[in-house]
Amino acid sequence: AHTWSVIARTYAEFNRHGLVPEPDWVSVDHRQGALFASSDVNASIRASRELTPDLGIYIESVHRLSDLGAVVTNTSVGTAHEGFAAEWRMIQLLTVDGDRIGRLEMFDEADLDAALVRFDELDRQPQLLENTATRTWARLADAFNRRDLDGFLALTTADGGIDDRRKGLRALFDGPMRREGVRALFDAPPSSWRMEVEPIAIRGSRLSLTRERYRDTDDADRPVVAELLTVMEVTDGDLVHETVDFDVDDTEAAFEELDARYIAGEAAAHGRTWSLISEGFAALNRREVPATTLDFVNVDHRPVTAVEPGDLVANLRAVWDQVPDISLYLEAVHRLSDLGAVVTQAVHGTSQEGFEAEWREIHLVTIEGELFNRSEMFDEADLDAALARFDELNAPTLENAATRARARQAEAFNLRNLDGFLAGYSTAEARYEDRRKGLRDDAAGPGLTKRARALFEAPKRWRTEMEPVAIRGPRLALTRDRYRDTDSDRTITAEHLTLTEVGDDDLVYRTELFDPDDINGAIGELTARWIASGDVAHPHVIEAVCRLIETVNSHEWDAFATLSAGATYVNHRQLSSPGVETIADHMPSIRTMASLVPDYWVELAEVLTHSPIGVVGDVVLRGTSTDGLAIEIPLVMLVVVDRDRVTGFEAFDPDQRDMALARFEALNQPT
């Protein structure tokens, strides 16, 4: 979304005649009849506007889109001074660097395949080790090499410091003393010295570990006259706040400092997880095997690997035997959550035959408790695949004791294990009720056993699938159960909604079946039983929100407007227009959705938290469009209520759950 926003904004700026490409734009024109030098985008733009003053461009279609950029077909329209109306198409390849375009390559309309091949080539290149800190370092090095003291100091904060921990040179310069330390740096070396900065590792956007070298350019061999490791932390304003210097062979201490600052700063929300991960990798460098769970998962997605998937200890020992001095460090962190992380690790070593090697790989690791429970390896170029896999693992799941009990019953049915199926019921209290139209039935005790036996008389080729729809507290769940005929293209032979309630012993003591389209009835009963359990602190709030959802699912728009009259609506989702609106402003969008998806309904999958003022919940919008497309839109909704009336809505993307909870907490603070 960010990539596309930058591209769309750039086109809009061009059409307002406000686009001024940065000097470091890379521009390549592959078109056969190119009129302008590839290196000068501004000259090309100026010349085009002189020929067609009303020139406008719009994106006709998108052929590729990734975090790197996009390949598009665009159409240009305009009128020449002579009155000749022109319209032409070309293929453009654009890449994004931060909040701006970094590369533009143009192809003839017929050369789409060539543009896609070029994009795939660029998209698979390993990402540069770069963040705000490394870019600031590059500017510092440039200022030093030009002996621009004022420019160098302008890149530093007034209250930061230099902590030099090198042996024999230990010193601390903070506040005004830091400026004196910088002046000494500029005074001491001869003018022939040049600074080189090589990034070793980054953490987040504001931390870097670099190797800093000074070379004497007056010597033909350009010898290194000084070398050190530096941990640097920059502010939100891209200014150097603090630096910590280490001897070049004190790598372990430098990484400890880097990670300590990471945990104290950008990784604070997941500090425990990162501590376990960094300690685990440090253990590997000590030839120690990190502690893992009994069901540890070890997967290698690389096409060429030296070890077989399977036992972690055996694989590690095999690598240590082949490369006795192998060492690794975590170069970059691409994702971090309480679940684990996706990192780039750099590996160095010398084989028994004396072959020196250095390579990089993407490593996905997850944590359970204090133990590692998963390791998945990817090629360095496959970062997107690793991130997609991590997001899949990190996605919140609807699970509680009731869904687990229902899953065990589904497994017992598929194995035709009647005894196991019945063992999942609380024999003393279990009750079954079928509320489907034309099939109303209920049973308890022996009647329940009889009902289960009848179910098991279904053809053995039938298999059941269980999909969680909603959970309430630890003991209530609503699932969508489907029975498929595995001998007939897995067609659905039966489908219903199942409400399952378990006791403290995790055994099922109540099961209720509903028609698959009776979502209001099923959710209503789920909510009623949750409130009856005594686990709901503010039942009137839950009931008010559920009434609102029922009106949406019944498409009773006048009733919905009455229940939400005057309510504010704030959309925090990435693909949305910012700003505060009212729900009345949003009603046309809701009605349009209902016209395009006639069976449109809302499922309140999970209530994440609630208070006297409202609810935060995971919501899924479902339905089937008029052209047969299945629609499923997950989001997080914050709903504010006042008695029976809703006064505010705020919508968030699923990965903004923490933001939604923080926003709700702020709303609950006394004013």
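1. Which residue in strand 5 does Val26 stand opposite? In this predicted model, the residue facing Val26 is Arg103 of strand 5. The two strands concerned, strand 1 (residues 26-29) and strand 5 (residues 100-108), pair in the parallel sense, and four bridges connect them.

2. The faces of strand 1 deserve a separate remark. In a regular strand, side chains alternate between the two faces of the sheet. In strand 1, the covered face carries Ser27 and Asp29, whereas Val26 and Val28 belong to the uncovered one.

3. Turning to the aromatic side chains, the count of ring pairs comes to 13. One of them joins Phe152 and Phe186, whose ring centres are 5.3 Å apart and whose planes meet at 80°, so the pair is classed as edge-to-face, the cut-off for that class being over 60 degrees. Because Phe152 belongs to helix 5 (residues 149-153) and Phe186 to helix 6 (residues 176-187), the contact ties together parts of the chain that are 34 residues apart in sequence. Phe152 and Phe186 are both buried.

4. Another pair, that of Phe421 and Phe456, also has its ring centres 5.3 Å apart, and since the planes stand at 75°, it is edge-to-face. This pair links distant parts of the chain, with Phe421 in helix 12 (residues 418-423) and Phe456 in the loop between helix 13 (446-455) and strand 19 (462-472), 35 residues apart. Phe421 counts as buried because its relative accessibility is 6%, and Phe456 counts as buried at 13%, the cut-off being under 20%.

5. Phe421 and Phe456 are members of one aromatic cluster, which also includes Phe413, Tyr425, Trp462 and Tyr483. Phe413 has a charged neighbour as well: the charged end of Arg416 sits over its ring, 4.1 Å from the centre. An arrangement of this kind is found elsewhere in the chain, where Arg147 lies over the face of Phe144, at 4.2 Å from the ring centre.

Key
Residues numbered from 1 in each chain as written. Predicted model: local features only at pLDDT ≥ 70, side-chain atom pairs only at ≥ 80, totals over all residues. Heavy atoms only, no water. Phe/Tyr/Trp six-rings, centres within 6.5 Å; stacked < 30°, edge-to-face > 60°. Buried < 20%, exposed > 50% of the residue type's maximum accessible area, 1.4 Å probe, protein only. Lys NZ or Arg CZ within 6 Å of the ring centre and 35° of its normal. Pairing = 2+ DSSP bridges.
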